[in-house]
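I opened this model today to follow its strands and helices one at a time, and I wrote down what I looked up in the order I looked it up.

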Amino acid sequence: MASPSSSSELPLKPIPGGYGFSFLGPIKDRYDYFYFQGKDEFFRSRMTKYRSTVFRANMPPGPFISSDSRVVVLLDAISFPILFDTTKVEKRNILDGTYMPSLSFTGGIRTCAYLDPSETEHSVLKRLFLSFLASRHDRFIPLFRSSLSEMFVKLEDKLAEKKKFADFNPISDSMSFDYIFRLLSDGTPDSKLAADGPGMFDLWLAFQLAPLASIGVPKIFTVFEDLIIHTIPLPFFPVKSGYRKLYNAFFSSSGTFLDEAEKQGIDREKACHNLVFLAGFNAYGGMKVLFPTLLKWVGTAGEDLHRKIADEVRATVKEEGGLTFAALEKMSLLKSVVYEALRIEPPVPFQYGKAKEDIVIQSHDSSFKIKKGETIFGYQPFATKDPKIFENSEKFVGDRFVGEEGEKLLKYVYWSNDRETVEPTAENKQCPGKNLVVLMGRIILVEFFLRYDTFTVDVTELPLGPAVKFKSLTKATE
């Protein structure tokens with residue numbers, strides 16, 4: 001691992017790149033990004049052209065949906081953390097990038113995710129989330145294990161039924177919705193909500209995030225796709241009914257949360273819209289990507305890693321007399337595998353901020369000045385695969401974070417909107433469920449390798465994460 005030069009030694013250089021003509025430049029970059037090059041090649045080609053991991057470019061969606069697509073792009077692990085410093089960058093209304101979905105999708109309010117920490121309401125809401133999650137810590141493991149047990153039964157049934165493969169994603173989505181609803185509310189989803197809830201959240205998410213994706217239409221239809229989802233924001237009314245059903249379900253089942261919100265001076269309706277956003281966008285949306293991604297990388301890593309994880313899991317559970325927080329902390333390889341999946345393919349690949357003042361940032365070899373008001377964009381999959389930080393950075397290495405030297409690298413894992421070594425607070429923008437996400441990643445693997453020795457998967461890459469199909473499951477022999 002190379003150490004970056006000290007900032008005093010780094011030459012100050014102008015930021016390379018540009019934005020092109022006011023209308024055509026964003027359109028050209030958008031077509032390169034979605035259709036001609038694809039995301040990774042879009043960034044890689046410009047990084048090569050400018051010989052810099054910091055440069056200027058237009059980020060989609062571009063004109064019409066947003067008024068300004070111009071950003072300063074950060075692609076290395078050293079410059080990227082400026083996006084976490086809320087004393088220097090503003091996070092107001094910039095969760096999704098250079099555009100913001102209509103407030104209709106969130107009940108007409110700006111939810112906590114769109115607030116900057118400088119806004120008083122942000123710290124009130126974030127503190128509520130953190131304290132509420134802490135109050136439910138005793139439910140984390142038993143509830144999740146219960147949901148997982150049902151998921152594995154369904155997975156085995158599907159594999160036996162189809163004989164060739166079983167689609168993991170829809171089974172995982174159903175499990176995720178069930179778990180999140182039971183964890184964050186005081187009830188259990190009825191059969192109708194359990195069946196329809198994941199689809200309603202999927203549509204609600206899709207209509208907000210459509211400008212950031214391509215659905216992979218044949219090239220002859222790219223112009224039509226571009227006009228439909230990248231030019232004019234999709235309206236709320238097609239998903240209004242589903243959102244209202246989700247809102248009503250949480251409102252009627254979340255008395256504990258809403259009572260606590262009211263004690264802290266937060267209107268019950270506003271609190272519930274924030275709870276639905278936390279449940280649907282942050283939690284369900286994150287799990288929808290995380291679990292298939294985790295099993296994709298572990299599945300394709302092969303039997304040797306499977307055996308090592310299974311040995312560690314079974315020995316530790318036996319030694320501890322069950323699956324506890326203490327047992328999970330002892331599983332060093334398991335922890336490393338989860339961190340490695342979050343490093344190599346973070347669930348949320350984009351981070352944005354707007355400079356609050358003129359600031360100087362550093363990459364590995366240069367300094368750059370960003371002016372007040374400029375939008376800064378970080379593409380996390382490049383930052384967390386920085387070859388100057390991580391050896392074999394493009395390869396999934398299950399034991400990468402094992403041991404003292406491995407643990408030192410955790411400060412370069414950024415998936416949670418901050419370093420893995422930092423904890424979420426009411427004053428920062430780090431995911432309030434950061435520790436719960438890591439915990440769920442560990443538990444799903446523990447439960448998996450208590451049941452199975454090994455497995456094989458087939459993976460298809462989709463715009464918002466991998467689709468995983470199980471081809472085989474070998475039940476545990478001990």
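**The five-stranded sheet**

I began with the sheet, and I found five strands in an open arrangement with the order E2-E3-E9-E6-E4 and with mixed pairing. I noted that E2 (54–58) and E4 stand at the edges with a single partner strand each, so one side of each has no neighbour in the sheet. I keep in mind throughout that this is a predicted model.

I then asked myself how many residues of strand E6 are buried. I counted five of the six residues in E6 (residues 350–355) as buried, so this strand is largely enclosed by the rest of the structure.

On one pairing of E6, I found strand E4 (residues 89–90), which is joined to E6 in the antiparallel sense over two bridges. Looking at the residues themselves, I saw that Val89 stands opposite Ala355 in E6, while Glu90 stands opposite Lys354 in E6.

I looked next at the pairing of E6 with strand E9 (residues 375–379), where five bridges join the two strands and the direction is again antiparallel. Here I noted that Tyr352 stands opposite Phe377 in E9.

**A helix across the sheet**

I turned to helix H2 (residues 39–50), which lies across E2, strand E3 (70–74), E6 and E9. I recorded that H2 runs at about 130° to E2.

**Strands E1, E7 and E8**

I moved on to strand E8 (residues 367–370) and asked which strands pair with E8, and in which sense. Strand E1 (residues 12–13) pairs with E8 in the parallel sense over two bridges, whereas strand E7 (residues 359–362) pairs with E8 in the antiparallel sense over four bridges.

**Helices H3 and H4**

I looked up how helix H3 (residues 120–135) packs with H4, and I found an angle of about 60° with the axes 5 Å apart. That angle makes H3 oblique to H4. The contact is made by Leu133, Ala134 and Ser135 of H3 together with His137, Asp138 and Phe140 of H4. I sorted the residues of this contact into three nonpolar, two polar and one charged.

**Helices H4 and H5**

My last entry is on helix H4 (residues 137–162) and helix H5 (residues 168–184), whose axes come within 9 Å and cross at roughly 155°. That angle makes H4 roughly antiparallel to H5, and I recorded the crossing of H4 and H5 as right-handed.

I then listed residues that meet in this contact, including Phe140, Leu143, Phe144, Met151 and Lys158 in H4, and Phe168, Ile171, Met175, Asp178 and Arg182 in H5. I noted that the residues of the contact of H4 with H5 divide into 11 nonpolar, four polar and five charged.

Key. Residues numbered from 1 in each chain as written. Predicted model: local features only at pLDDT ≥ 70, side-chain atom pairs only at ≥ 80, totals over all residues. Heavy atoms only, no water. Axes fitted to C-alpha atoms, helices over the stretch in contact; angles between N-to-C directions. Parallel < 35°, antiparallel > 145°, perpendicular 65-115°, else oblique. Left-handed = near helix turned anticlockwise from the far one by under 90°. Contact = heavy atoms within 4.5 Å. Nonpolar A, V, L, I, M, F, W, Y, C, P; charged D, E, K, R; others polar. Buried < 20%, exposed > 50% of the residue type's maximum accessible area, 1.4 Å probe, protein only. Pairing = 2+ DSSP bridges.
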